[in-house]
There are 2 protein chains.
Amino acid sequence: MVLTSERLRHPRLFDKIVTADKAAELIQDGMTVGVSGFTPSGYPKAVTMALARAVKAGKKCRIAIWSGASVGPEIEEELASVGAVSRRAPYYAASNRHMRNGINQGEICYTDVHLSHLAQQIDYGFLGKLDMAIVEAVAITPEGDLILGPGVGNTPMFVKHAEKIIVEVNIAQPLELEGMHDIYVLPKPQHRREIPIYNACDRIGGPYVKCGVDRITCIVESDIPDKVRDLVQPDELSEKIAGNLIEFLEYEQKAGRIPAEMLPIQSGVGSIANAVLAGLAKSKWENLEMYSEILQDSVFNLIEAGKVTCASGCAFTPSPSVMKKFRSDPKLYRQSIVLRPLDISNHPEVIRRLGVIALNTPMEFDIYGHANSTHVIGTHMMNGIGGSGDYMRNGYMTIFTTESIAKGGAISRIVPMVSHADHTEHDAMVFITEWGVADVRGLCPRERARLIINNCAHPDYRPLLLDYFASAERKYGGHTPHDMDRALSFHSNFIHQGTMKI
Amino acid sequence: MVLTSERLRHPRLFDKIVTADKAAELIQDGMTVGVSGFTPSGYPKAVTMALARAVKAGKKCRIAIWSGASVGPEIEEELASVGAVSRRAPYYAASNRHMRNGINQGEICYTDVHLSHLAQQIDYGFLGKLDMAIVEAVAITPEGDLILGPGVGNTPMFVKHAEKIIVEVNIAQPLELEGMHDIYVLPKPQHRREIPIYNACDRIGGPYVKCGVDRITCIVESDIPDKVRDLVQPDELSEKIAGNLIEFLEYEQKAGRIPAEMLPIQSGVGSIANAVLAGLAKSKWENLEMYSEILQDSVFNLIEAGKVTCASGCAFTPSPSVMKKFRSDPKLYRQSIVLRPLDISNHPEVIRRLGVIALNTPMEFDIYGHANSTHVIGTHMMNGIGGSGDYMRNGYMTIFTTESIAKGGAISRIVPMVSHADHTEHDAMVFITEWGVADVRGLCPRERARLIINNCAHPDYRPLLLDYFASAERKYGGHTPHDMDRALSFHSNFIHQGTMKI
């Protein structure tokens with residue numbers, strides 16, 4: 001593997017090339033390290049693996065890792081499995097077993113942050129000094145600026161603040177990515193102006209992350225592809241939920257509550273999200289726009305089918321086959337996709353201005369409309385809150401979709417009170433399961449409870465939930481009838497008896 | 001009482017004058033009625049009292065009431081006490097006993113809404129038709145546009161959508177208010193541009209609510225003053241909390257985490273807020289700016305003392321003595337105060353752009369940082385969430401202040417798990433009580449718990465809270481150690497034994 005002047009566009013850059021092992025030596029115990037990328041897309045791999053090897057061989061080194069979101073196993077797993085991670089922010093995903101165990105055993109101190117918040121908290125100095133940024137780049141410009149891979153995340157802010165910068169130039173990332181990014185770094189208050197995005201794909205910045213040759217500490221060659229996971233294929237249940245959702249959106253549009261030209265859509269990840277996007281492909285809507293966080297294969301399919309004309313996100317995660325498509329016709333995708341920094345893709349200002357329709361999937365929600373996106377039975381972190389709070393608080397219409405039960409019915413996803421609140425009753429407007437739709441706009445808690453139980457809960461759980469509600473109403477009353485002795489009884493039951501259904 | 005051409009500036013307006021009783025006849029059973037004003041400031045009085053009389057005399061009439069926030073007793077109490085309120089949104093305050101009872105007994109269906117959300121939900125058609133607006137005005141322009149009193153709230157949106165409009169022209173409101181308002185009505189997506197506020201007191205709209213002579217159904221004369229309550233005087237405890245807060249802000253500024261020119265401040269209401277504002281009067285800061293929801297007497301004092309040069313809000317509530325001051329030098333206050341619609345004073349876009357420092361007081365918060373702003377022991381509504389969510393989610397630095405205990409120690413305001421979540425662990429950065437400061441920025445839940453308990457909880461409750469935390473950690477572990485059997489035990493204890501301290 002030899003980097004050419006196509007990838008390193010200034011002669012001085014070649015002098016900075018070192019091995020991954022050499023670069024990893026720069027990472028010292030106690031450092032805070034920001035890594036590029038967002039989900040398994042555009043994250044550094046060679047240096048973190050080298051660091052993991054060094055730690056395995058005896059190097060004493062525990063670091064704090066900041067990223068865009070969860071990244072690939074070369075970071076989450078390699079470093080967590082050798083105990084090299086002391087702190088983690090702002091997101092992590094359950095699929096990384098060692099990171100998950102470390103967090104849930106209290107060995108890794110994880111801070112779960114609204115994804116639109118991290119960059120500015122760094123910029124404000126709230127989180128301390130950033131010692132190091134490790135950035136995967138497609139290429140480096142003659143000015144020493146960075147052309148990122150398919151995930152932008154918080155990289156521009158890491159590069160702004162890091163004392164040292166290691167760049168992994170990865171020839172496995174296609175050069176055709178150049179020009180897809182729209183890098184815009186917000187100034188701090190009180191020097192901020194508006195973020196001038198008025199349509200989902202407006203470009204407001206430049207294609208590169210400003211860095212400069214001098215600030216690059218060293219460069220590492222890489223050819224390791226992103227570990228993109230295959231999309232979860234929609235099953236019958238997801239398709240039923242997606243069907244309910246699309247029917248609801250059509251109804252709302254007919255009623256005049258969604259404008260004729262449709263509004264930009266944000267969609268989370270997972271099998272329901274994929275079923276929704278597959279459903280959109282078959283819908284009557286044309287010229288759809290997405291203003292979302294992450295763009296997965298299904299968005300490429302919608303672009304290819306001519307259904308989506310514009311998709312904005314902070315990352316895209318093409319599987320190998322979709323990456324091939326991208327390479328065969330980069331122009332089509334480049335004109336339809338804009339990749340932004342995370343604090344712009346998730347910014348309340350833009351989400352509210354554009355009127356984004358927000359679709360997300362929580363782990364559980366309660367009869368009054370609070371939702372838990374993160375914790376299994378209130379204690380164990382599954383996935384971080386991610387951008388769901390950014391979109392659900394600020395969206396035009398905010399919708400939670402989920403199946404009504406889990407673990408073969410041992411868990412009801414609709415409970416009397418959530419065991420962990422990530423979203424409050426003030427945020428979500430509509431709840432959808434395979435059983436139906438609870439549109440709670442303008443309702444008070446008692447009305448919400450009846451609607452959510454009757455329209456969304458699994459029939460096996462409806463009598464239990466109705467009994468809880470009726471008993472709380474009778475015994476304690478109030479604006480939001482609850483029984484403090486029993487509000488978390490579904491969860492207690494599951495812990496002690498293995499099922500919520502007693 | 002006779003309205004002159006100073007108040008009604010077009011001859012045709014005089015033809016529209018009717019008695020309050022006549023106007024109240026227009027209000028029919030089942031209607032939705034939007035009322036002007038915000039807190040006891042600028043709300044209609046004559047017509048709602050006439051309606052209450054009519055209902056008392058046998059008229060069958062239950063209506064839904066939308067407002068800016070809680071308004072005066074002429075609406076909240078007069079109508080609720082005769083059973084004339086079926087629904088209420090987006091806010092109400094505990095001081096209105098009949099409204100409170102109606103809501104907590106489930107007779108009045110109350111929807112608690114982020115205050116920045118209501119206007120757009122009406123505009124989007126999510127809440128149904130608005131039959132009637134009752135607007136208190138200082139005067140009506142030759143074009144039939146409305147000069148509001150000291151509370152703007154959601155009035156511009158009510159006037160935009162109401163089928164019929166009753167205007168109460170109140171000669172008790174000073175004409176000097178003309179020119180203080182900055183009325184800006186956001187278009188709907190996808191026709192929105194930025195909200196061009198770059199400094200707290202930038203004016204972006206016009207001084208009047210656009211209406212037009214033809215759309216005014218009738219005019220009612222009024223001379224009933226706003227029922228402004230006296231400010232709660234700071235006590236020793238509030239002063240201690242305010243002292244901790246100001247010391248913290250000074251420290252943060254010295255450390256460079258708050259810029260030298262200081263940032264705009266938002267402050268809630270109540271004795272702690274008043275103590276904070278009194279503390280600012282004695283602080284070293286000069287040329288302070290406020291970007292807040294409501295401006296109380298203390299802000300006037302700060303303006304008079306030259307400490308505050310600019311204050312933006314959606315209402316101001318001068319007590320009679322401060323109103324006298326205002327009348328004696330309206331120019332001073334007019335140049336320093338801007339009164340905006342509620343969806344602008346509380347808009348995430350502006351709050352985040354300006355970098356507002358948000359100061360609010362919850363009813364309780366838990367060891368992991370979730371906060372309850374609304375519900376007594378999880379069931380009974382005390383006050384609505386108001387704008388606290390708008391500011392705490394979007395502020396530059398977000399701070400909750402409260403005393404550590406209530407009811408002589410029977411209630412700890414720091415609990416294992418909040419009985420109702422209005423703000424999640426992802427929102428507040430700093431917690432302050434009379435015992436100290438817990439700065440939880442960048443911390444994970446286990447770290448937060450130790451800091452919040454040790455720095456903020458009352459010493460009597462610390463052992464109980466530490467015991468809960470240690471036991472949950474030991475028995476269940478996880479990212480956020482909790483014991484589902486005991487998480488709400490403080491609240492259960494209070495219900496069954498009258499104290500959380502067992």
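This is a predicted model: local features need pLDDT of at least 70, side-chain atom pairs count only at pLDDT 80 or more; totals for chains, interfaces and linings use all residues.
Residues are numbered from 1 along each chain as its sequence is written, and chains are lettered from A, with ligands numbered from 1, in the order in which they are written. Local features need pLDDT of at least 70, side-chain atom pairs count only at pLDDT 80 or more, and totals for chains, interfaces and linings use all residues, while side-chain values use heavy atoms, with hydrogens and water left out.

## How the two copies are related

Two copies of a chain are related by a rotation about an axis and a shift along it.

B:Arg352, B:Arg393 and B:Met484 supply 12% of the area that chain B buries against chain A, more than any other three residues.

There are 55 residue pairs in polar contact across this interface, both residues being at pLDDT 80 or more. A polar contact is a pair of N or O atoms within 3.5 Å; within protein, one must be able to donate a hydrogen and the other to accept it, and residues adjacent in sequence count only if both atoms are side-chain atoms. Helices (H or I, at least four residues) and strands (E, at least two) are DSSP runs, numbered from the N terminus.

Ala, Val, Leu, Ile, Met, Phe, Trp, Tyr, Cys and Pro count as nonpolar, Asp, Glu, Lys and Arg as charged, and the others, Gly among them, as polar.

## The two domains of chain A

Chain A is assigned domain 1 (11-222) and domain 2 (236-497), with bounds from an automatic or database domain assignment. Their C-alpha centres lie 29 Å apart. The contact takes 47 residues from domain 1 and 46 residues from domain 2. About 3800 Å² is buried between the two domains, with 62% of it from carbon and sulfur atoms.

Between these domains there are 23 residue pairs in polar contact, both at pLDDT 80 or more. Helix H5 (residues 97-104) of chain A gives the most to the side of domain 1 that touches domain 2, with 3 residues. That side of domain 1 has 26 nonpolar, 13 polar and 8 charged residues.

## Salt bridges

Side chains of opposite charge can pair when their charged atoms come close. A salt bridge is a side-chain nitrogen of Lys or Arg within 4 Å of a carboxyl oxygen of Asp or Glu. The whole structure has 60 salt bridges over all chains. The interface of chain B and chain A has 4 salt bridges, and the count between domain 1 and domain 2 of chain A is 1 salt bridge. The table gives examples.

| Salt bridge | N to O distance |
|---|---|
| A:Arg87 and B:Glu447 | 2.7 Å |
| B:Glu349 and A:Arg353 | 3.3 Å |
| A:Asp182 and A:Arg340 | 3.2 Å |

A:Arg87 is in strand S4 (residues 85-89) of chain A, and its partner B:Glu447 is in helix H16 of chain B.

## Backbone details

Most residues other than glycine have a negative phi, and most peptide bonds are trans. A cis peptide bond joins A:Pro189 and A:Gln190, with omega about 0 degrees. A:Gln190 is in the loop between strand S8 (164-170) and strand S9 (216-222) of chain A. In chain B, a cis peptide bond joins B:Pro189 and B:Gln190. A:Thr39 has a positive phi, near 55 degrees, and lies in the loop between strand S2 (32-35) and helix H3 (46-56) of chain A.

How values were computed
Contact means heavy atoms within 4.5 Å. Buried area is the accessible area (1.4 Å probe) that two parts lose on being put together, summed over both.
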